[in-house]
4 protein chains.
Amino acid sequence: MDAPARAIDLNADVGERPGDAGVADDEAIMAGVSSVNVACGFHAGDGETMHRVCEAAVRHHKAIGAHVSFLDREGFGRRDLKVEPALLRDQVTQQIAALQATAVVAGGHVRYVKPHGALYHRASVDPVHAQAVLEAVRDAIGATDAPLKLLAPAGSELLQAASARGVDAVAEGFADRAYRADGTLVPRGQEGALLAPEAALTQALTLADSGRYRSLCLHSDTPGAAALAVALRDRLIGAGYEIRPFA
Amino acid sequence: MDAPARAIDLNADVGERPGDAGVADDEAIMAGVSSVNVACGFHAGDGETMHRVCEAAVRHHKAIGAHVSFLDREGFGRRDLKVEPALLRDQVTQQIAALQATAVVAGGHVRYVKPHGALYHRASVDPVHAQAVLEAVRDAIGATDAPLKLLAPAGSELLQAASARGVDAVAEGFADRAYRADGTLVPRGQEGALLAPEAALTQALTLADSGRYRSLCLHSDTPGAAALAVALRDRLIGAGYEIRPFA
Amino acid sequence: MDAPARAIDLNADVGERPGDAGVADDEAIMAGVSSVNVACGFHAGDGETMHRVCEAAVRHHKAIGAHVSFLDREGFGRRDLKVEPALLRDQVTQQIAALQATAVVAGGHVRYVKPHGALYHRASVDPVHAQAVLEAVRDAIGATDAPLKLLAPAGSELLQAASARGVDAVAEGFADRAYRADGTLVPRGQEGALLAPEAALTQALTLADSGRYRSLCLHSDTPGAAALAVALRDRLIGAGYEIRPFA
Amino acid sequence: MDAPARAIDLNADVGERPGDAGVADDEAIMAGVSSVNVACGFHAGDGETMHRVCEAAVRHHKAIGAHVSFLDREGFGRRDLKVEPALLRDQVTQQIAALQATAVVAGGHVRYVKPHGALYHRASVDPVHAQAVLEAVRDAIGATDAPLKLLAPAGSELLQAASARGVDAVAEGFADRAYRADGTLVPRGQEGALLAPEAALTQALTLADSGRYRSLCLHSDTPGAAALAVALRDRLIGAGYEIRPFA
């Protein structure tokens, strides 16, 4: 009984590195997770990676998400750009549309949207940017077979504003990042910000058990990410969880 | 009577230069033409130019076309890249989808597709690339309120292959480029390749009168392009033509 | 007598548009000015435009300046990025070095540096960014036959900080932009920010006569810029000025 | 005695991934190799990665090489572009100059040049492109404390043409790629093109013992590359080799 309450999603970023090596890494990490955040060309990715990753996601039955970013290939989407809200809404719209069109060709559909990098942080705390993202997500609904969901930080402005805009948003936690007592993350660059694998496994279980998160994020750009993803999946299944896309 | 036979379209490229100066130039040339080929981010353009140009096109009642290109911002889409057909189809699909999503936000719709630069030349002569473009155009139909048309060189492989793929393609001529006796263009860089304004006006009328072309293209990146567009419009109207989008 | 006091420089931006049309426009504006600010690939420009513009500048005896920018091709260098000072110094260093190497192949030398767009504004008011730019300019000296100069806004932090860093900086004014009573520019986008040609000619003479400026900048991306440059040159020569590079 | 004949260089690509994770991977692989090919911004890399990698190379006493590419960030330098030889020479010049300027700030010097990706293959077989690269390498000499060397495929056109141009070129082999009987590589994508770690170690020793190669290349974008580099270093040292930069 109570199986739905025990379901959890694992998500990771893909489509950020060109060529065979990048796609091979992406497929490796797909073995562990249930949802993949696909770079849509604004911080990384291009037609080829988008298509190959969507094909692999369809083949492996993973949920496809649009990993939307500020337009910043030069800075990998990590620069906190000043972008007018109307332009930001357009840019998010374009990224979702481009990935949706690609996913359909590959036999799938975009199921959700997750902001990347600086946009993730900006939209989490800034209501104007949050609204621009939410409008783009909401208006993208018509082009797909079902409304798109949003993946957002637990407790964020973005998450709170979503329901007012009619967007179904889901909270995520970070398996491999250390949390402070107040529930915020230890900033990158500080001692201990990134958890060692065993600590990440333990924390993931704690986060899942808290019931606050529908999805847990694994960072895919660290050595050993694919192995960690599989270990995490095993640990959660061993604890009685079902790994299942939230969208 | 016979008004439909006297209708002709004028098209020009827009959305290729960032910022206020670029958009101002685009609006100036819109005064003369009936259709605008909007850069979709692959050779030029970004969310802002795409949106601003679409808004202006809606305001001025101009037909919006997706000016699709090889992925080549660095070379402005003029480099003849080797691209696998499946990737090319995806990339054309993505460009159409991104512009369509933007146009809808701006209150309009993409009506047609025109390849840009090296892709225009490649798809005109190479059946494999022509097919990739045509598949993307055909499969984009579902996302819009009507099938997309294709703008292609008169007599090209691309034009001939279109009907077999179920795509309605329209032939265009060049008002300001010199033609050789065999109907091909004098290559750029050769003496006399670009016509002076008065010669362009005369040639445009000849091309229109030939009945071979549904649309005439004006190059928008030469000094005086906007003035030439208006002069061309006046000359054609004076000769009994109606300037009307083909799509 | 006193001829040196009557010398003035005219500068304009070049190398920002690819292809023949862009280079043709650049050559047209070179007829009027004495110094050209060459885009170095960070906001616009590439190997081809850099080389062609340097060749043209050598042929027409114009001073070559490095138009250095934040790394922001996507935003044309107009986005106010947050960049660590040490990185900014490196990026300015790289741009100068790349243009210097190109200029030498074309038979010339980089004579000065002018920040572009958002970097121009940022370095004008922010001492940390000003210092990063100045260190790059100063350290670039060794690679050339003479120290590089800096072109900076009159009254700016950047200009004031230069001498402390051992950089010879020169103040510029804007011929075609309206000034407020306090000597600052009317912001772009406000009514009357851009002067009409005749008003620009009059203002240029006033600025030159004030003795506060060694160089006057003309914006090259507005229609008619080349004609305005020549008219400005004529007006200044008619008033007894010699148009001469400051560097 | 005969120590010099037993010296061999190991080289790997660095500076291709942004951010902390990319630099961390680069430092890991530096533990194994003696020379690093630094991306110069044309296929990957930017001011930050170039600087951080140069600093790390200086700290670890590794030789710095300019990994020069066609201008193709979008295609990671793997697209075989058609580039005019004069433009190609300029672009190679610019990349060397940008890296040289960065290396000097970081306390080092560029010692050699290695073409990347499609340019590596193109310049290896095409005398016109080979000459363009060689001219850029030769003319870059003046800016450094010693002539730059060139790293090129054994038996290539590029290698043969170098001496005629006064460039000291060195042959490299591939530790982790399978060779055919005629000495050419099994093409990527074919079965067995990439050697498993143990086979790579064995082959590296064979290549070193042949005396045909002054340097062996390890591909850094495969999982486990850093570990393989260290294992390779150990194996070669165990066999009596000294791992030493060729430049």
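**A strand and an interface**

Mentor: In this predicted model, strand β6(C), helix α7 (residues 197-210) of chain C and strand β7(C) form a right-handed β-α-β unit.

Trainee: In what sense do β6(C) and β7(C) run?

Mentor: Strand β6 spans residues 169-174 of chain C and is joined to β7(C) by three bridges. Gly173(C) stands opposite Leu216(C) in β7(C). The sense in which β6(C) and β7(C) run is parallel.

Trainee: Which residue stands opposite Leu216(C) in strand β1 of chain C?

Mentor: Strand β1 (residues 7-14) of chain C pairs with β7(C) in the parallel sense, over four bridges. The residue opposite Leu216(C) is Leu10(C).

Trainee: Are the residues of β7(C) that point either way buried or exposed?

Mentor: From β7 (residues 215-218) of chain C, Ser215(C) and Cys217(C) point one way, while Leu216(C) and Leu218(C) point the other way. Buried means under 20% relative accessible area. By that cut-off, these four residues, Ser215(C), Leu216(C), Cys217(C) and Leu218(C), are buried.

Trainee: What area is buried between chain A and chain C?

Mentor: Eight residues of chain A are in contact with eight residues of chain C. Carbon and sulfur atoms give 43% of the buried area, which is about 800 Å².

Trainee: Which residue of chain C meets Lys82(A) in a salt bridge?

Mentor: The interface of chain A and chain C holds two salt bridges. In one, the side chain of Lys82(A) is joined, at 3.2 Å from N to O, to that of Asp80(C).

Notes: Residues are numbered from 1 along each chain as its sequence is written. Chains are lettered from A and ligands numbered from 1 in the order in which they are written. This is a predicted model: local features need pLDDT of at least 70, side-chain atom pairs count only at pLDDT 80 or more; totals for chains, interfaces and linings use all residues. Side-chain values use heavy atoms; hydrogens and water are left out. Buried means under 20% relative accessible area, exposed over 50%, partly exposed in between (1.4 Å probe, protein chains only). Helices (H or I, at least four residues) and strands (E, at least two) are DSSP runs, numbered from the N terminus. Two strands pair if DSSP finds at least two bridges between them. A crossover is right-handed if, with the strands pointing away from the viewer, the path from the first strand over the helix to the second runs clockwise. Contact means heavy atoms within 4.5 Å. Buried area is the accessible area (1.4 Å probe) that two parts lose on being put together, summed over both. A salt bridge is a side-chain nitrogen of Lys or Arg within 4 Å of a carboxyl oxygen of Asp or Glu.
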